[in-house]
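Here is a brief report on how the chains of this model meet and how some of their elements are arranged. Keep the structure open while reading.

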Amino acid sequence: MKIQHAIFRTEDLCAYYGDFMAIKHVTVSIPEHEVTAVMGPSGCGKTTFIRCLNRLHELTPGAKITGRVFLREEDILQLDPILVRRRVGMVFQRPNPFPTMTIYENVLAGFKLLGIRLKKKEADRIVEEALRKAALWDEVKDVLHRRGTFLSGGQQQRLCIARALAVNPEVLLMDEPTSALDPKATLQIENLIVELKRTVSIVIVTHNMPQAGRISDYTAFFYLGELIEFGPTAEVFTNPKDPRTEEYLTGKFS
Amino acid sequence: MNTYANEARRRMKNKVILSIITVLALLPAVPLFLILFQLFKEGLSSLSLDFFLHLPAPPGEPGGGIANAIVGTFIIVGLAVLIGVPLSIMAGIYLSEYGRDCKLAEVIRVSADVLQGVPSIVIGIVAYAWIVKPLGHFSALSGSVALALMMIPVVVRTTEEVLRLVPNILREASLALGVPYWRTVLKVVLPTGLVGVTTGILIAIARIAGETAPLLFTAFGNQFMALNPMEPMNALPLVIFNYATSPYADWWRQAWGASLVLIIMVLSLNIVSRILARRIAGEK
Amino acid sequence: MVEKKISRQAKYDVIFRHLSTGTGILIILLVVGVFITLVIESWPSIKAFGLRFLWTSTWDPITLEFGALPFLVGTILTSLLALVMAVPFALAGAIFLGELAPPKIAQVISFVIELLAGIPSVIYGLWGLFYLVPTVRFFQLKIGVPPYGLGLFTASLILALMILPYAMSVARDVISLVPRDLKEAAYGLGATRWETIRHVILPYARSGILAGIVLALGRALGETMAVTMVIGNRSAMPHSIWDLANTMASVIANEFTEATEDVHLAALVEIGLLLFIITVIVNLITRIIIVRTKVQ
């Protein structure tokens with residue numbers, strides 16, 4: 001699969017939990033400024049895969065990564081993991097705003113937690129920009145100094161997206177970001193994702209096929225740790241090359 | 001066999017035994033109320049502005065107060081907190097963040113348990129050997145060290161428990177932003193668990209504030225006002241002990257007064273920590 | 001610029017980890033240090049008396065002949081007697097709070113019991129000295145025994161009062177955790193409340209109750225101030241429950257600041273060492289019981 005402009009390119013990526021190989025020899029290119037869905041049945045390694053992309057995987061005791069992962073032209077496995085995580089943001093399955101911080105502070109967490117001091121003007125600007133990008137500004141602009149935990153589930157998740165966007169990452173990884181939300185909130189976030197891809201590339205793990213169909217441009221299909229299919233979503237969904245992909249799409253196993 | 005008679009006998013037995021149990025259960029409340037009642041009765045008469053502001057009178061002379069004991073208790077306990085709390089929190093952080101599954105952590109937990117079980121008088125002996133002997137004199141510092149030794153196991157255990165309860169997903173959110181682990185612990189995990197950790201500290205303070213045995217041959221007591229931790233210092237529990245075992249009736253009266261002050265301090269700390277604990281439970 | 005600051009901070013991760021591991025190790029060192037200190041400070045006494053320290057009943061600061069037996073006996077007698085006096089009430093209280101009482105009342109009473117546990121030992125001693133001692137003296141006159149008021153018996157009484165909350169709260173916790181379906185099975189068979197308690201609840205909660213008792217024993221062994229104030233401070237073998245005596249903890253409290261001879265002080269520290277060892281063993285036993293309960 002030839003990708004014109006790839007933001008990520010993995011070469012023979014393998015990930016282990018102790019002796020168990022969760023990701024087996026994955027070589028793939030993730031296109032820039034597109035939404036790439038990562039799908040597959042439970043336990044296929046899709047979450048493990050994206051956690052390799054921001055080097056969160058290696059924080060699990062006993063975890064290991066081999067192979068190469070290029071972010072643009074640099075192998076992130078040779079870089080300082082902390083710098084990698086500044087460039088590759090992540091949004092989790094359950095919204096997780098920091099409970100001791102206000103909405104304002106949550107958005108700026110990527111700076112505050114590192115002790116980076118910002119002038120008030122600069123901070124205000126970053127907060128407004130991030131919240132606008134996350135389509136949350138209008139709803140919270142008057143309550144910026146309340147705790148983040150008072151928001152609804154959908155709002156909290158958009159707050160987490162704003163928080164991730166505030167440090168200007170090049171890629172945003174999303175691990176089933178709407179699975180804990182109601183349909184209305186889900187729709188809001190899906191629209192947001194389609195908007196966001198113009199500025200950040202998006203890799204989204206989802207087990208929701210209609211969702212992938214709605215918002216993703218490319219789909220990577222995993223099965224038991226292997227990447228068995230990758231291509232434009234329209235093609236993969238209507239004309240899958242691998243029989244296992246077809247079985248999953250038609251609901252034979254999930 | 002007459003089953004009805006049997007039934008009746010069983011039911012009677014049930015009633016009788018349950019009544020006995022209820023009586024036995026409620027009986028201990030009697031001495032408790034007696035203690036509190038007598039404490040208030042005897043102690044209240046001692047409380048006066050003079051009592052709080054003056055230093056002790058020479059033995060045998062009536063009057064005088066416990067000003068130096070109140071100040072002393074604050075200084076000795078305060079110093080113990082300064083010595084013991086940072087250490088305990090760091091150890092609690094180790095057990096929760098790095099030591100979930102390793103042998104070293106188990107040994108540390110067992111050690112903390114053992115330390116907690118050491119009788120307070122033995123802790124006093126150890127503090128005597130570590131500080132009083134080398135310095136050649138009694139001091140508030142040695143008393144604080146003894147009390148710190150007693151605080152440490154409690155604060156370590158509550159800190160570990162509280163930090164373990166912080167959801168892992170918060171740690172991951174911070175790490176995913178590119179925050180190093182140590183900052184994640186100090187600026188996300190610890191603040192999230194702050195109320196619980198504080199509760200643990202308050203409970204520990206309530207315990208050590210009333211301890212006498214560790215101070216008997218460390219802080220030792222002082223007739224005068226002492227503010228320097230290197231001097232021997234008076235404290236409320238020492239006053240109670242010394243006055244109660246003295247032959248002077250006026251000092252007995254003052255012992256009750258000091259007891260009332262001490263109990264109010266300890267009870268307030270306990271009540272505050274219980275309210276905090278309920279708030280945490282409520283937030284869940 | 002932000003990047004530089006970030007990569008600098010990453011190095012601190014290792015330092016922080018070492019720092020916190022270090023404080024953990026410090027805890028271990030503290031406990032080891034306590035033990036070693038006790039041994040070193042009691043060495044003159046260990047050297048002078050050896051093993052017979054444990055069964056010598058002389059304690060003479062004048063001839064400098066010291067033995068721990070009077071205090072071992074004092075400690076064991078008071079602790080066991082306190083247990084015997086406290087356990088029935090603790091058990092009754094635990095059954096009452098864990099099984100019989102309506103939840104609101106149980107909550108209030110439990111709260112009160114916890115307050116009881118928070119009263120400093122020296123205040124128990126004060127109350128014991130001025131209210132318990134005269135009461136005991138009154139009864140001693142009635143039954144024709146030397147009316148000291150102070151003594152082993154009074155010390156056991158006050159100890160019983162002090163360890164009651166600990167035994168009660170542990171036992172109450174286990175009793176309230178007995179599964180509902182077990183109890184309902186018994187009721188369904190026609191058992192009365194008491195029969196269910198006796199044949200279902202108590203056996204199920206047995207190890208927990210035992211743990212509570214051992215915990216209370218541990219506290220009794222180490223209890224110092226209240227005992228010191230009412231036991232009469234006599235460093236000789238007690239021959240009856242009404243005798244004045246000393247426990248291991250109280251003799252240290254009473255004599256430590258008065259001891260002028262090195263060997264006297266060392267003997268007192270050796271008593272502290274014995275007390276330390278005994279409480280560690282009791283602690284270990286409690287742990288084993290708790291582990292066995294979990295396995296159950």
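## A buried helix in chain C

This is a predicted model. In helix 10 of chain C, the buried residues are C:Met248, C:Ala249, C:Ser250, C:Val251, C:Ile252, C:Ala253 and C:Asn254. Helix 10 spans residues 248-255 of chain C, and seven of its eight residues are buried, so the rest of the structure largely encloses it.

## Chain B against chain C

Here 69 residues of chain B are in contact with 64 residues of chain C. On the chain B side, helix 1 (residues 3-26) gives the most, with ten residues. The chain B residues that touch chain C divide into 51 nonpolar, 13 polar and five charged.

## Chain B against chain A

Chain B also meets chain A: 16 residues of chain B are in contact with 20 residues of chain A. Helix 8 (168-176) and helix 9 (181-192) of chain B each supply at least two residues to the chain B side. Helix 8 of chain B gives the most, with seven residues. This side of chain B has ten nonpolar, three polar and three charged residues.

## The sheet in chain A

Chain A holds an open sheet of four strands, ordered 2-1-4-5, with antiparallel pairing. Strand 2 (20-31) and strand 5 (74-75) of chain A are at the edges with a single partner strand each, so one side of each has no neighbour in the sheet.

Strand 4 (residues 63-71) and strand 5 of chain A run antiparallel and are joined by two bridges. A:Leu71 has A:Glu74, in strand 5 of chain A, as its bridge partner. Helix 1 (residues 46-53) of chain A packs on the sheet and touches strand 1 (6-17), strand 2 and strand 4 of chain A. The direction of this helix makes about 65° with that of strand 2 of chain A.

Methods: Residues are numbered from 1 along each chain as its sequence is written. Chains are lettered from A and ligands numbered from 1 in the order in which they are written. This is a predicted model: local features need pLDDT of at least 70, side-chain atom pairs count only at pLDDT 80 or more; totals for chains, interfaces and linings use all residues. Two residues are in contact if their C-beta atoms, placed from the backbone, lie within 7 Å. Ala, Val, Leu, Ile, Met, Phe, Trp, Tyr, Cys and Pro count as nonpolar, Asp, Glu, Lys and Arg as charged, and the others, Gly among them, as polar. A residue is buried if 20 or more other C-beta atoms lie within 10 Å of its own, exposed if 12 or fewer, and partly exposed in between; C-beta atoms are placed from the backbone. Two strands pair if DSSP finds at least two bridges between them. Axes are lines fitted to C-alpha atoms, for helices over the stretch in contact, and angles run from 0 to 180 degrees between N-to-C directions.
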